[in-house]
Amino acid sequence: MKHYRYCSHGIIINSEIEIAEYQAADDQRFQPDVHIKLGDVAKTGIANPKWQRHLTQVNIEHVWMDVPGVARFLITKGIKITVDPYPGADNADLCAFLVGSCMGAILHQRDFLVLHASAVVFQDKLIAICGQSGAGKSTTASTFAQRGAQIFTDDILVIDSHGQAWPGAPNLRLWKSSLDALGKDVSDYQQIRRKLPKFSIPVTKPWPQSGSRSVDAVVILERHEFVEHIDCISEPIAGIQKFRELEEQIFRRDAIFAMGHNKKHMIHSAAFVKNIPMLRLKRPTSKFSGNEVTQSILDWVLPLQENLETVN
């Protein structure tokens with residue numbers, strides 16, 4: 001069976017499934033950290049789950065997921081993902097869950113801090129753009145790219161125990177409505193899932209997969225209904241509230257306690273957020289606001305270094 005070798009989120013992946021969104025890892029000097037294999041996964045779940053939700057179960061060593069029509073997945077000890085596809089499953093559907101929920105789970109098992117965030121590097125500043133699904137993270141990252149920024153990651157941002165962020169797949173995931181607003185033709189891009197109007201957009205200036213770096217600023221992006229003449233509202237976040245806000249942005253946070261990682265996670269999260277500037281940015285839902293959001297972020301981020309240099 002053919003094997004594919006990828007690098008993403010600071011780890012080397014050996015996979016029996018081709019994953020178009022990941023970047024090939026040509027350097028053979030390093031052994032794989034994670035193996036993705038085809039195999040049987042129990043239909044009924046795992047023994048002694050500590051946390052479970054509809055079609056998902058978690059204990060200290062395993063995360064089990066059943067996605068009807070796609071596959072059952074078993075994520076084990078931070079080193080292996082076993083995939084048991086349903087008959088006729090589409091490869092794009094398999095990959096959507098592998099690079100999303102499965103990768104998020106295995107990164108949690110490996111004790112990374114995993115944020116639901118996109119991130120860009122603009123004028124040598126790494127800006128994390130956090131937010132719930134539909135907040136506009138990927139669209140904002142795309143607007144940054146139009147201004148010359150490098151895409152660092154989309155949807156999942158991982159931070160290691162030393163506070164260093166690692167880049168993700170060199171693609172943006174945009175809804176059809178966002179592509180329409182950006183003036184792009186959806187027929188030019190690969191659909192992420194058959195029944196989902198969301199598309200994978202390759203980026204022209206991705207950050208090198210081997211290059212970790214520290215985060216310079218965190219933006220919490222939210223959607224709000226405003227009166228017609230208001231574009232965006234910026235609210236700096238300080239003190240203990242930064243920690244509370246960051247916890248709301250953790251990718252699949254509910255599973256961490258069941259993995260037995262809660263104490264370590266809290267220490268990691270508190271250390272990461274302690275000295276990082278954070279902003280809540282409320283953007284209107286009534287219209288496409290990518291340029292306004294991007295400019296609001298820059299109006300806040302760019303003076304930060306100037307203020308630091310003035311103090312020093």
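User: Which residue lies over the face of Phe251?
Analyst: Arg252 does, at 4.4 Å from the ring centre. A charge sits over a ring if NZ of Lys or CZ of Arg is within 6 Å of the ring centre and within 35 degrees of the ring normal.

User: What sits over the ring of Tyr86?
Analyst: The charged end of Arg72, 5.3 Å from the centre of the Tyr86 ring.

User: What kind of model is this, and how are residues numbered?
Analyst: It is a predicted model, in which local features need pLDDT of at least 70 and side-chain atom pairs count only at pLDDT 80 or more, while totals for chains, interfaces and linings use all residues. Residues are numbered from 1 along each chain as its sequence is written, and side-chain values use heavy atoms, with hydrogens and water left out.

User: On to strands. Is β7 buried or exposed?
Analyst: Six of the six residues of β7 (residues 62-67) are buried, so the strand is largely enclosed by the rest of the structure. Buried means under 20% relative accessible area, exposed over 50% and partly exposed in between, with a 1.4 Å probe and protein chains only. Strands (E, at least two residues) and helices (H or I, at least four) are DSSP runs, numbered from the N terminus.

User: Which side chains of β7 point which way?
Analyst: His62, Trp64 and Asp66 point one way, and Val63, Met65 and Val67 the other. In a regular strand the side chains alternate between the two faces of the sheet.

User: What stands opposite Trp64?
Analyst: Gln57, and Leu74 in β8. Strand β6 (residues 56-58) pairs with β7 in the antiparallel sense over three bridges, and six bridges join β7 to β8 (residues 71-76), also antiparallel. Two strands pair if DSSP finds at least two bridges between them.

User: Which residue in the hairpin of β7 and β8 takes a positive phi?
Analyst: Gly69, near 80°, and the hairpin has three residues between the strands.
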